[in-house]
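Here are some notes for a colleague opening this structure for the first time. Please keep the model on screen while reading.

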Amino acid sequence: MMKSERAKFGSKLGIILATAGSAVGLGNIWRFPYMTGENGGAAFILIYIICVLFLGMPCMISEFIIGRNAAANTARSYRKLSGGTPWMVVGYLGVLTGFLITGYYLVVSGWCLEYMYASIVGHLHGDPGFFKTYFETFETDPLKPVLWALAFVAVTHFVVARGVRGGIEKASKMLMPALFILLLVIVVSSCLLPGASAGISFLFNPDFSRVDGDVFLGALGQSFYSLSIGMGCICTYASYFGRDTDMPKSAVQIGVIDSIVAVLAGLMIFPAAFSVGVNPDSGPSLLFITLPNVFQQAFGGIPAVGYVVSLAFYALLSLAALTSLISLHEVSTAFLEEELKTTRRRAAIIVTVACGIMATFCSLSLGKYDCLQLFGTPLFSIFDFFTGQILLPVGGFLTCLFVGWYLPRKLVYDEFTNRGTLHSAVFGFYMFSVRYVCPVCIILIFLHQFGII
Ligand code: PFF
């Protein structure tokens, strides 16, 4: 029997939109704007872009090289290229990280759906205290957030089960433009508000006096999370690239799209918040407590406009979360499909059920279920911490060492340059980055976040 050919993305645009879809997610919207405002505005943006270009790009290209060369799921890719040495553990670690992130990411994505619904039915209005109570009551409810998370995983399943071209690529080609349109509409509405210029200058005013080591390390950590590096997603998607895909160029395009979305998110949030005199924070409280209040006040002169902007905002968040979740789901689906030698549909069902169970536990851990807490910390926060602060840097670090020091230089060169036809002039620079600069910087972030340096 002939071996069936491995799935591939159908076009360059599909590759860019799907991979950028993985990168553009909740991370761009709930953390980047806040970090920018707090850490020197344009000065932070500049540092962030340097981190993306000089550290994020080499790491992303390294994952591209592994995935495309091995043309297999992340675990098998590392196994193939490591020749059975302990390096293969890095691949399994990637699959595990991708899987665990899905647990808590689904919960927050489900919240976005609830807020979309609440915007439609007009529940999101009241005084500032109302929004806090609304969120806290909802978040700790034993049923509602679980149902929304399950609805989200069902939608993700629907896309992933249809395969690489008919599901992931097709969905990305529809969802990413929709996301951009929503983003632009909200940015324009926000920047036209009276007093919006204070928010714009808070975001862009370069204040180099705020820049110190902490800011550099913060920018670096954010760039890795935002680019979905170190979690198997990029490697899995690269296994569907064609031999002629220009990987360094694609990485730069994806990095540019991701950074533009992050900056636009700042232009969506700060002008509106400043126009009503609210200081935005980060994380879930920004998205689900501060912003509904800001939208209501800022656009509240005509309530219908407030509702529409709020609906557009939560639709945007849901789209951003969906494209990231598709890539996370795909890591495990591709793994099971190939390792259990089963059909994509069956593999996707197993992943969906497992993710649904994990999300249910994560969500319940925020309520009154003490048994779902460790050391008084809810499972939700443990998953977040363990994946973002430990597995991500470890995965990124080991990937750099694997490509920089273990893989044959010729293999890396052939993949980077498409067999000597592209970008050979910058190959030396890339190798220097993955061998020395990236590993050292990742170790620094790692030690810094534990207060060791
Ligand atoms: N990059 C996504 C964000 O910024 O929200 C999060 C993410 C998606 C991280 C996929 C890791 C991943 F594999």
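1. A word on helix names comes first. Helices here are DSSP runs of H or I, at least four residues long, numbered from the N terminus. On that scheme, S228 is found in the loop between α11 (213–226) and α12 (233–238). Bear in mind throughout that this is a predicted model.

2. Is S228 buried or exposed? S228 has 30 C-beta neighbours inside 10 Å. The cut-off for buried is 20 or more, so S228 counts as buried. Its backbone deserves a look too. Phi of S228 is positive, about 60°, although the residue is not a glycine.

3. S228 also turns up at the ligand. Which residues of the shell are closest to the ligand? They are G25, G27, S228, M231 and C233. In total, 16 residues surround the ligand. At least two shell residues come from each of α1 (12–23), α2 (26–30), α6 (89–120), α11 and α15 (303–339). By class, the shell has nine polar and seven nonpolar residues. It has no charged residues.

4. A71 lies in the loop between α4 (42–70) and α5 (74–82). Its surroundings hold 16 C-beta neighbours inside 10 Å, so A71 counts as partly exposed.

5. How do α4 and α5 lie relative to each other? Their axes come within 9 Å and cross at roughly 85°. Angles of 65 to 115 degrees count as roughly perpendicular, and α4 and α5 are therefore roughly perpendicular to each other. From α4, the contact uses I66, G67, N69 and A70. From α5, it uses R76, S77, Y78, K80 and L81. The residues of this contact divide into four nonpolar, three polar and two charged.

6. Which of its residues are buried? They are A196, G199, F202 and L203. Seen down the axis of α10, these buried residues fall within an arc of 120°, so they line one face of the helix. An α-helix has 3.6 residues a turn, so residues three or four places apart point the same way. The cover over the buried residues of α10 includes α3 (32–38), α9 (164–191) and α13 (247–275).

7. Next, F131. This residue is placed in helix α7. F131 has 21 other C-beta atoms within 10 Å, so it is buried. Leaving out residues up to four places away in sequence, F131 touches G126, I289, P292 and N293. K410 is another matter. F131 and K410 are 279 residues apart in sequence and 58 Å apart in space, C-alpha to C-alpha.

8. Last, P142. Where does P142 lie? It is in the loop between α7 (128–139) and α8 (144–161). P142 has 12 C-beta neighbours inside 10 Å. The cut-off for exposed is 12 or fewer, so P142 counts as exposed. Setting aside neighbours within four places in sequence, P142 is in contact with L364 and G367. P142 and A298 are 156 residues apart in sequence and 33 Å apart in space, C-alpha to C-alpha.

Notes. Residues numbered from 1 in each chain as written. Predicted model: local features only at pLDDT ≥ 70, side-chain atom pairs only at ≥ 80, totals over all residues. Contact = placed C-beta atoms within 7 Å. Near = placed C-beta within 6 Å. Nonpolar A, V, L, I, M, F, W, Y, C, P; charged D, E, K, R; others polar. Axes fitted to C-alpha atoms, helices over the stretch in contact; angles between N-to-C directions. Parallel < 35°, antiparallel > 145°, perpendicular 65-115°, else oblique. Arc of directions from axis to C-beta.
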